[in-house]
Amino acid sequence: MTQDARFEDGIAKPLNLGAEDGEDLKVLSALAQDAVFTAADMTWQASQHRFALLINRLRREDTLPKGTVERARAVLVFDNVLGVASQGVDRSDKDTVLQILEIAFEEGEDGAGRLTLTLAGDGALRLNVEALEVSLKDVTKPYLAPSGKSPDHGVD
């Protein structure tokens with residue numbers, strides 16, 4: 001009898017990280033940079049104070065042969081969310097590909113604040129939060145990026 005491959009069988013280990021302060025968030029932001037998703041991959045669960053994205057994360061944590069670009073599907077979850085707003089994002093167009101450039105936190109009083117996800121093409125998502133609580137968890141094995149290319153931000 002054969003079994004499907006499991007993530008644990010491979011060399012690569014899935015990411016499962018959390019952030020509860022600004023320094024931790026910088027790490028998650030770096031790992032989520034250049035991740036792509038569509039409006040259909042966004043979920044706002046107001047009653048649970050949760051906003052989640054199913055992203056195709058660019059894998060940078062492993063050394064790969066030159067010209068090899070890998071991605072992994074991951075869930076990026078923001079908890080304690082009081083409200084969500086967007087700019088430059090057509091949420092009705094479920095097929096438009098969006099790309100994360102940065103996730104930043106502007107702290108307010110008593111641990112509350114505002115998370116901003118800066119997107120390529122002048123888009124942004126803003127999350128008002130009671131407290132900073134973000135998690136990033138890989139949910140698939142790494143796969144070769146269909147484009148075969150790493151994003152180019154014009155910086156040498």
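The sections below treat the basis of the model, the helix, and the salt bridges.

## Basis

The model is predicted: local features need pLDDT of at least 70, side-chain atom pairs count only at pLDDT 80 or more, and totals for chains, interfaces and linings use all residues. Residues are numbered from 1 along each chain as its sequence is written, and side-chain values use heavy atoms, leaving out hydrogens and water.

## Helix H1

Helices (H or I, at least four residues) and strands (E, at least two) are DSSP runs, numbered from the N terminus. Within helix H1 (residues 22–32), the buried residues are Leu25, Leu28, Ser29, Leu31 and Ala32; buried means under 20% relative accessible area, exposed over 50%, and partly exposed in between (1.4 Å probe, protein chains only). They cover an arc of only 165 degrees around the axis, which places them on the same side of H1; the arc is that of the directions from the helix axis to the C-beta atoms. Glu23 and Lys26, on the other side of H1, are exposed.

## Salt bridges

There are five salt bridges, each defined as a side-chain nitrogen of Lys or Arg within 4 Å of a carboxyl oxygen of Asp or Glu. One of them joins Asp34 and Arg60 (2.4 Å, N to O). Asp34 is in the loop between H1 and strand E2 (36–38) and Arg60 in the loop between E4 and strand E5 (70–79), so the pair ties together parts 26 residues apart in sequence. Asp34 counts as buried at 1% relative accessibility, whereas Arg60 is partly exposed at 41%.

Asp138 and Arg57 also form a salt bridge (2.9 Å, N to O). This pair links strand E10, which holds Asp138, to strand E4, which holds Arg57, 81 residues apart. Asp138 is buried at 5% relative accessibility, and Arg57 is buried at 0%.
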